[in-house]
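Open the model in your viewer and get ready to click.

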Amino acid sequence: MKIHEYQAKGLFRNYSIPVPEGFMAENAESAMEVVEKLGFPCVVKAQVHAGGRGKAGGVKLAKNKDEAKEHIGSILGMNLVSKQTGPEGQLVRKILIEQGLNIVNELYLAIIIDREKEMPVIIASTEGGMEIEEVAENTPDLIHKVHIHPVTGMSAFHARELSFRLGLNKIQQKNFTKLLFNLYKLFMEKDGSLVEINPLIITDTDEVIALDGKINFDDNGLYRNPDVAEMRDIHEEDPLEVEASKFDLNYIKLDGNIGCMVNGAGLAMATMDIIKFYGGEPANFLDVGGGTSEERVKEAFNILLSDTNVKAVFVNIFGGIVRTDLVANGIVNALKEVELKVPIVIRLVGTNEAEGRKIIENSGLNFIAETSLPEAAKKTVDILRSN
């Protein structure tokens, strides 16, 4: 789960991580009240779940009241388009207004999970304010990494090593070390998958301050952090993904035109791979789960067919825990309630597969049944090519 910058900075404050003074606003009137409170210079920042806001015109410095009013008017309500939003852009419903600071240096700092080494890794660079992907590609020697074993945790040595690589003086090192320990504590306690500060700034008084803030959380840990779960902003998510989450369905919208409904994440990945192998493009990742019910399958199909980009559907169910006859009933019941406009290829294998196939055959609906995974995937792709 992602949260907005102003929410991330609220958590930063709770963990004694220095941030600029600032307030969120949802309309021009309250935004100008914040401006009057903070004074000048101040910064107006669009609040969307995407990076590249500055290049897209979503972050602007105001040196006086007229500039502040102009920037608030142009950013609040804009459709912000960046590399991360895609060409459709993202509507700016909220803005963050912060005090301006005297910046001497800009750094990059993040904590993520290194899945190969199965432990958190701190990433730091002297190239703050830049897109870290570009830095890694063009000047990889400026990317510094320190792995932290989750059992032993952070030590002063880790902070000293990074401070040295970043070229900090003694006062800056002290402030950086305190911030880093608190950031790691937040990351671990709140089940973070990413905590990023870009830029992390050094001021003219050697303060180390998080000028920006981005936090992503592991959805599986949200039950332990209800305060984080409450920060969810469904306006920033795909409507179909929001609907799927209501039924505990694992759904991610993609750019293709072949809708996939599969049980089990591994099988879902394999299904998308084999569709690509035969020249097709998956329209989604949709895992209905290993122990799914007829009702969940029905809801999954409704969500899948709500995507106007879907021109064909491939259902690939392996009945290990789940019974294929329950899946078949869910599919049939769902399609009786909607106008079927796209071809559907169904592969049901495993527990009660004979009963499941019989339900499909007797449904009176125009399904294409297959038992071979390669044949089913190839047929789905071929159907689209022939239309």
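**The whole chain.** Show the surface first. The accessible surface of the chain comes to about 18900 Å². Carbon and sulfur atoms hold 50% of that area. Keep in mind that this is a predicted model.

Now switch to the C-alpha trace. Along its principal axes it spans about 75 × 50 × 40 Å.

How many of the residues count as buried? Of the 387 residues of the chain, the share is 50%.

Stop 1: Select Cys42. Is Cys42 buried or exposed? Cys42 counts as buried, because its relative accessibility is 0%. Go on to Cys260. Cys260 has 2% relative accessibility, so Cys260 is buried too. The cut-off for buried is under 20%.

While you have cysteines on screen, consider their sulfur atoms. A disulfide is a covalent bond between the sulfur atoms of two cysteines. How many disulfides does the chain have? The count comes to 0. To be counted, a pair of cysteine sulfur atoms must lie within 2.5 Å.

**Stop 2: two rings.** The count of aromatic pairs in the model comes to 1. Select Phe277 and Tyr278 to see this pair. Their ring centres are 5.1 Å apart. What is the angle between the planes? The planes make 85 degrees, and the pair is edge-to-face. Planes over 60 degrees apart count that way.

Now colour by accessibility. Phe277 is exposed, because its relative accessible area is 65%. Tyr278 has 22%, so Tyr278 is partly exposed.

**Stop 3: an aspartate in a helix.** Select residues 324–335. This is helix α11. Pick out Asp325 within helix α11. Asp325 counts as buried, because its relative accessibility is 9%.

Which residues does Asp325 touch? Leave aside its neighbours within four places in sequence. Then Asp325 is in contact with Asn352, Glu355, Gly356 and Ile359.

Finish on Asn352. A polar contact joins the side chains of Asn352 and Asp325. Draw the distance in your viewer: the value is 3.4 Å.

Notes:
Residues numbered from 1 in each chain as written. Predicted model: local features only at pLDDT ≥ 70, side-chain atom pairs only at ≥ 80, totals over all residues. Heavy atoms only, no water. Buried < 20%, exposed > 50% of the residue type's maximum accessible area, 1.4 Å probe, protein only. Phe/Tyr/Trp six-rings, centres within 6.5 Å; stacked < 30°, edge-to-face > 60°. Helix = DSSP H or I, 4+ residues; strand = E, 2+ residues; numbered from the N terminus. Polar contact = N/O pair within 3.5 Å; in protein donor to acceptor, adjacent residues only side chain to side chain. Contact = heavy atoms within 4.5 Å. Areas by Shrake-Rupley, 256 points an atom, 1.4 Å probe, with all protein chains shown as cover.
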